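Subject: Handover of a structure model

Dear colleague,

Please find below the structure for your own work. A summary of the findings follows it.

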Amino acid sequence: MSAASLPAAATTAEVALQPRRSALYAGNTGAVIHRGLLATRSTNYLVVLSGFFEPVFYLLSLGIGFGALVGTVQTSTGQEVPYAAFIAPALLAVSAMNGAVYDSTWNVFFKLNYSKLYQGMLTTSLGPLDVALGEIFLALLRGAMYALGFMVIMQAFGLNLAWTALLALPAVLLIAFGFASLGMAITSYMKTFQQIEWVTFIMLPMFLFSATFYQITVYPEAIQWVIQALPLWHGVELVRGLTTGALSPMMFVHVGYYLVMIAIGVVFTTSRLRALFLK
Amino acid sequence: MTALDQTQRPDAARAIAAGAAPRRWGSWYIAEHRIRAMKGYAGDAIFQSLGNPLIYLFALGVGLASLVPQGVGDVTYLQFVAPALMATAAMTVTANETSYPVMMGFKWNPIFFGMNASPITGAQIVNGMMIHIALRVIVTVSIYFGVIVLFGAVPSSWGWLAIGAATLTGMAIGVVIATYTSTITEDRGQMAMLQRFGITPLFLFSGTFFPLEQLPIFLQPIGWVSPLWHGTELGRVATYGLDEPVWLTVTHVGYLATLFVVGLWATRKHFTKRLNK
Amino acid sequence: MSTPVITASALTKTYGDFTAVDGIDFEVAPGESFGLLGPNGAGKSTTMRMVGAVSTRTSGSLSILGLDPNNHGPDIRSQLGVVPQQDNLDQELRVRDNLLVYGRYFGLPRAVVAERADALLEFAQLTDRKKAKVDDLSGGMKRRLTIARALINEPRILLLDEPTTGLDPQARHILWDRLFRLKEQGTTLVLTTHYMDEAEQLCDRLVVVDKGRIMAEGSPASLIREYSSREVLEVRFGSDKNAEAAERMAGVGERLEVLPDRILVYSENGEAALEAVTHLGLEPITSLVRRSSLEDVFLRLTGRSLIE
């Protein structure tokens with residue numbers, strides 16, 4: 001197949017994997033997505049809906065309650081904003097991360113090891129890349145719905161300070177894509193549920209330290225470097241810049257970080273799925 | 001008693017003699033079992049009971065505190081938040097131990113039925129689990145207390161009483177959760193719901209990060225019924241002598257103790273009923 | 001008969017409108033191997049739970065070792081070993097730890113439990129797996145471990161609910177061998193099964209139950225004598241021709257039973273019956289002569305098969 005016939009939305013990973021494409025990718029990600037949507041019909045909608053409330057509760061508690069103690073805070077670009085407007089974009093990025101990580105760890109682990117779903121899929125003409133992209137797409141869909149809901153809440157509370165807030169939506173999807181693709185790759189190495197609990201445990205400090213609730217400048221420089229090397233900080237800064245309207249060239253770095261993360265995650269996941277099932 | 005009851009028969013007398021020890025000590029046998037089962041995850045449990053306070057204190061005591069340089073009332077923000085974190089840690093342990101493990105014991109790994117086939121009764125299973133959970137909470141909370149003392153967050157010499165306050169809080173919440181989870185027969189994501197609409201709001205709206213009065217009045221009742229708020233305030237009285245009327249302190253203790261007693265009673269009832277099919 | 005270890009009379013259990021056990025009477029003598037044979041849903045497991053002193057009866061009376069389970073649950077259970085239909089081993093513990101923990105429930109000293117655990121692992125042929133995780137055991141191994149666990153208190157009565165359901169033939173035979181040894185040692189066995197061969201192998205005496213009631217009682221041999229002929233001829237003519245052939249076969253053997261896929265001819269002499277069939281000018285696709293079994297007894301009593 002020539003490069004010219006690639007679908008317009010082809011990702012970097014697809015292009016990179018092109019020589020072995022036929023075995024990896026049947027161009028039928030739609031079938032995986034269709035199955036996923038059918039499966040959600042039988043899940044408890046309340047549970048799915050409940051995921052939306054978590055960041056809202058945080059916003060009410062910290063934004064309103066704690067915010068009353070704090071007043072305004074300064075962003076990394078020097079803007080003075082109300083505390084709620086400071087944490088709301090961070091919560092948006094965090095919920096994208098949490099949703100993507102949950103879907104790509106717990107859910108994928110269950111499908112890999114218990115329901116043997118992928119094994120069944122890969123005995124058909126579907127390739128591992130179809131499966132990986134399909135699953136990631138489903139995780140993103142859920143993330144997009146949460147994000148949209150949360151942004152409506154932000155608008156109602158007057159926490160979107162500039163029109164660029166609209167761009168936060170694609171930014172959030174980028175973040176979720178990054179975490180979902182990498183999360184799936186990591187999950188493919190896991191053997192027990194306890195190991196997945198460690199993922200949750202490791203995400204806790206990232207959640208608390210990545211400029212979510214306060215500037216990282218309170219920490220010594222060495223720790224700041226570590227935080228800046230981790231993905232969530234880039235996500236928080238990117239979304240905050242967009243909702244507060246403080247655009248900066250650093251945003252290209254943040255976006256670039258996620259593009260690399262997505263590429264690594266997709267390549268990694270695909271090759272793992274192939275190693276696991278297409279021996 | 002029926003006419004068939006012949007307690008004088010030799011084999012009946014032998015049964016009654018053999019039943020004496022389990023009737024008396026059964027709860028402790030269950031506690032022993034649960035502790036033995038911890039071997040599988042003891043390392044993780046210890047690491048997490050040490051790791052969690054360090055992470056939270058670092059994040060909140062250092063990070064959030066930088067936003068509230070004036071402190072809360074007469075104390076620093078760290079001193080204000082530390083007893084809340086201790087009570088929350090207790091809640092986290094008990095919520096974990098009384099959610100999936102209870103459902104699992106009836107359903108996926110139905111050990112409760114196995115226990116009940118021996119002389120152990122449903123009430124003893126509940127007691128034994130609670131003894132084990134209480135021990136876990138006391139250890140976790142004591143470690144937490146040690147860490148916050150090192151952070152300089154306990155000005156009062158009565159501060160160690162906060163260990164008791166946090167333990168009571170955790171146990172009160174634990175039995176309430178067990179009362180519910182012991183009735184679940186089908187997994188329809190109730191655990192996620194419990195976490196999101198139970199544990200998380202308790203954590204966020206119980207005067208943990210800020211005094212309850214900071215919240216709009218319509219959200220404050222969450223705090224009043226929240227065992228975590230009562231437990232946190234009790235802990236604050238212990239660690240820095242929070243100024244509150246004596247009747248309120250008594251109310252905290254009374255509320256938590258009542259929840260514990262009622263929750264334990266209800267959980268035991270549910271277990272007994274569910275095991276007697 | 002010496003003083004029975006279990007006496008049930010008019011024993012009844014209802015769940016709402018549904019009567020699971022409908023006034024049954026039976027006695028079990030010490031050292032006896034007693035079976036409840038019946039299809040799924042006959043009320044066997046409910047009966048076992050009542051005997052196991054974990055399910056309160058609705059009415060009637062029940063005495064185990066002279067004690068009423070309503071007042072003496074823990075005392076009675078101290079003398080029982082229970083092998084439930086669904087294994088409930090603790091998957092969080094390893095093989096040997098399962099035995100140690102369970103022994104402690106009976107208030108046995110740790111040293112005693114440890115000694116018995118090793119002996120029982122030997123008995124259950126699991127010594128080399130004693131450090132394994134329960135999850136890694138095969139179905140047959142799990143079942144043997146459950147039996148070993150049930151023996152940790154040296155029970156007077158061992159209750160087994162469908163002990164070999166779900167096991168492959170080889171695993172079943174290993175299990176039967178172990179249970180036979182227990183029987184030889186004088187342990188009272190009470191078991192439920194819907195496998196007639198299991199009932200024939202293990203039970204001295206059994207009751208046939210259906211829809212919560214006892215249909216017949218006796219030793220396997222006496223039940224077969226009473227409710228069936230010595231031999232059975234099975235003939236097949238193809239599913240659409242069986243009914244027609246059966247009509248023409250009226251009078252052959254003592255009794256005919258027409259099933260969807262075959263016709264059973266009850267007769268003292270199966271070969272002679274087959275000859276009679278061919279004399280009628282009928283040519284079965286397949287034919288088989290075998291001895292009567294409890295399956296035939298059940299079919300006679302209820303008009304249905306044990307396994308449906």
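**Chain A**

Among the contacts of chain A between residues at least 6 apart in sequence, 82% join residues at least 24 apart; two residues are in contact if their C-beta atoms, placed from the backbone, lie within 7 Å. Please note that this is a predicted model, in which local features need pLDDT of at least 70 and side-chain atom pairs count only at pLDDT 80 or more, while totals for chains, interfaces and linings use all residues. Residues are numbered from 1 along each chain as its sequence is written, and chains are lettered from A and ligands numbered from 1 in the order in which they are written.

Chain A has 12 helices and two strands. Helices (H or I, at least four residues) and strands (E, at least two) are DSSP runs, numbered from the N terminus. Read from that end, the elements follow the order α-α-α-α-β-β-α-α-α-α-α-α-α-α. Of the 279 residues in chain A, 42% are buried. A residue is buried if 20 or more other C-beta atoms lie within 10 Å of its own, exposed if 12 or fewer, and partly exposed in between, with C-beta atoms placed from the backbone.

**Contacts between chains**

Two pairs of chains are in contact, and chains B and C share the most contacts. Chains A and C do not touch, their nearest C-alpha atoms being 12 Å apart.

Between chains A and B, the contact takes 26 residues from chain A and 26 residues from chain B. On the side of chain A, α4 (45-70) and α9 (193-209) each supply at least two residues, and α4(A) gives the most, with 15 residues. By class, this side of chain A has 20 nonpolar, five polar and one charged residues. Here Ala, Val, Leu, Ile, Met, Phe, Trp, Tyr, Cys and Pro count as nonpolar, Asp, Glu, Lys and Arg as charged, and the others, Gly among them, as polar.

Between chains B and C, 38 residues of chain B and 35 residues of chain C take part. The elements of chain B that give two or more residues to its side are α1 (10-37) and α5 (111-117). The most come from α1(B), with 15 residues. The side of chain B that touches chain C divides into 19 nonpolar, 12 polar and seven charged residues.

**Chain C**

Chain C is divided into domain 1 (6-220) and domain 2 (229-291), with bounds that come from an automatic or database domain assignment. The centres of these domains of chain C, taken over C-alpha atoms, are separated by 39 Å.

An open sheet of three strands in chain C has the order β2-β1-β4, with antiparallel pairing; two strands pair if DSSP finds at least two bridges between them. Because β2 (18-28) and β4 (59-64) of chain C stand at the edges, each with a single partner strand, one side of each is left without a neighbour in the sheet. Strand β1 (residues 6-15) of chain C pairs with β4(C) over five bridges, and C:Ile6 has C:Ile64 as its bridge partner in β4(C).

In helix α10 (residues 270-279) of chain C, the buried residues are C:Gly270, C:Ala273, C:Leu274 and C:Val277. Seen down the axis of α10(C), these residues fall within an arc of 100 degrees, so they line one face of the helix; the arc is that of the directions from the helix axis to the C-beta atoms. They pack against β10 (231-236), β12 (263-267) and β13 (286-291) of chain C. On the other side of α10(C), C:Glu271, C:Glu275 and C:His279 are exposed.

Kind regards
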